[in-house]
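Work through these exercises with the model open. Try each task before reading its solution.

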Amino acid sequence: MNELLPWQQTLWQQMVGNPKPAHAYLLHGKKGIGKQQFAERLAYYSLCLTPNNKQPCGHCKSCHLLASSGAHPDIFWLMPEESEFIKVDQVRMLIDFINQTPQISPCKVVLIEPAEALNLNAANALLKSLEEPAGNSRLILVSHQVGQLLPTIKSRCIQQLCPTPDQQAAVQWMQQQLTAIDSEQLMQLLALAGFAPLYAVELYQQGVLEQRQQVVEDIKKLLKHQLVASQVAESWNDIPLLLLFNWFCEWLHCILCYQATKDINTLGMADMQKVLSYLADKASLESISQLQAKLLQERQKVLAKANLNRVLLVESILIDWINLLTTR
């Protein structure tokens with residue numbers, strides 16, 4: 001059973017201390033801060049037969065079932081299966097589940113994660129159950145991008161923004177999870193993850209520190225004409241496209257901030273500061289804006305699972321990046 005994260009204690013006390021819990025909660029916030037873990041513990045608490053001190057007891061039949069296999073007749077997990085979307089047939093199964101009587105616990109719980117994966121038909125099919133769930137049912141929706149949800153979904157839930165830890169709390173938690181890396185690498189990971197500690201651990205497990213080092217070194221060689229764009233694009237095949245887009249977007253933003261302020265603190269992480277300050281002196285506002293727009297457009301295509309020629313796309317972006325040097 002998931003433990004509460006240190007920065008979730010206050011929110012937990014507020015939610016379980018409510019004598020009249022809502023029938024539908026929408027937990028939202030930045031990806032990688034522990035929303036899913038919080039939602040699962042809230043579900044386990046709701047299903048527990050003998051909660052103790054506002055926590056699931058860990059000893060009753062319900063807690064044993066959830067801890068041993070996760071299989072429990074009174075909980076329904078709704079998430080993408082064969083695609084990135086949650087489909088209407090899955091929601092129909094959910095509705096059948098809600099209409100049944102609880103078998104073990106005092107209520108039934110539905111966990112939907114991520115809620116933005118509901119396609120339009122699935123979201124519309126869910127509305128009635130969200131508004132008036134049959135029997136004693138509770139729905140917990142988790143969203144990393146709450147702006148993508150239909151207003152009709154959001155309006156039927158109690159919306160709860162989940163807390164993001166401050167830097168000190170995030171680093172302390174990461175030190176317990178990643179004992180093999182030093183403080184400097186922890187801070188680098190945390191920055192790469194947008195200060196979301198669980199996402200930072202996930203990135204570390206994916207080898208992001210090594211990938212970042214490779215990308216930074218290749219870009220420096222590219223600007224010195226020691227490599228060509230096609231070579232670099234080929235060598236980045238194992239690096240997630242979204243990660244690359246996020247880094248390039250961040251770097252362009254840093255260049256713009258530096259052009260406006262001449263403040264070195266706006267140049268982001270130390271590994272790219274010299275490169276970005278050099279580009280800031282060479283690149284025009286128009287060329288930076290055009291590359292930003294292109295990156296955002298292509299990023300949307302990646303999110304939509306468009307069939308892209310990855311190598312050609314990355315090569316094109318790298319050529320635009322080099323051309324920034326000659327636009328001012």
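**Exercise 1.** Which residues of helix 13 (residues 273–282) are buried?

*Solution.* Start with the ground rules. This is a predicted model, in which local features need pLDDT of at least 70, side-chain atom pairs count only at pLDDT 80 or more, and totals for chains, interfaces and linings use all residues. Residues are numbered from 1 along each chain as its sequence is written, and side-chain values use heavy atoms, with hydrogens and water left out.

Helices (H or I, at least four residues) and strands (E, at least two) are DSSP runs, numbered from the N terminus. Buried means under 20% relative accessible area, exposed over 50%, partly exposed in between (1.4 Å probe, protein chains only).

Now read off the list: V275, L276, S277, L279 and A280 are the buried residues of helix 13. They pack against helix 10, helix 12 and helix 15 (310–323).

**Exercise 2.** Find the residues with the most contacts inside the largest nonpolar core.

*Solution.* A nonpolar core is a set of buried Ala, Val, Leu, Ile, Met, Phe, Trp, Tyr and Cys residues joined through side-chain atoms within 4.5 Å. The largest one has 87 residues, and M174, L189, I219, W236, W251, L318 and W321 have the most contacts inside it. Helix 12 (residues 241–261) gives the largest share, 12 residues.

Then take W321. Contact means heavy atoms within 4.5 Å. Beyond its neighbours within four places in sequence, W321 touches residues including I219, F248, W251, L276 and L291. A second, separate core has 24 residues, among them I86, V91, L94 and A123.

**Exercise 3.** Describe how helix 8 (residues 183–192) and helix 10 (residues 208–223) pack.

*Solution.* Get the geometry. The two axes (lines fitted to C-alpha atoms over the stretch in contact; angles run from 0 to 180 degrees between N-to-C directions) come within 11 Å and cross at roughly 80°. Helix 8 and helix 10 are therefore roughly perpendicular (65 to 115 degrees; under 35 is roughly parallel, over 145 roughly antiparallel, the rest oblique).

Then list the partners. Q185, Q188, L189 and L192 in helix 8 meet V208, L209 and R212 in helix 10.
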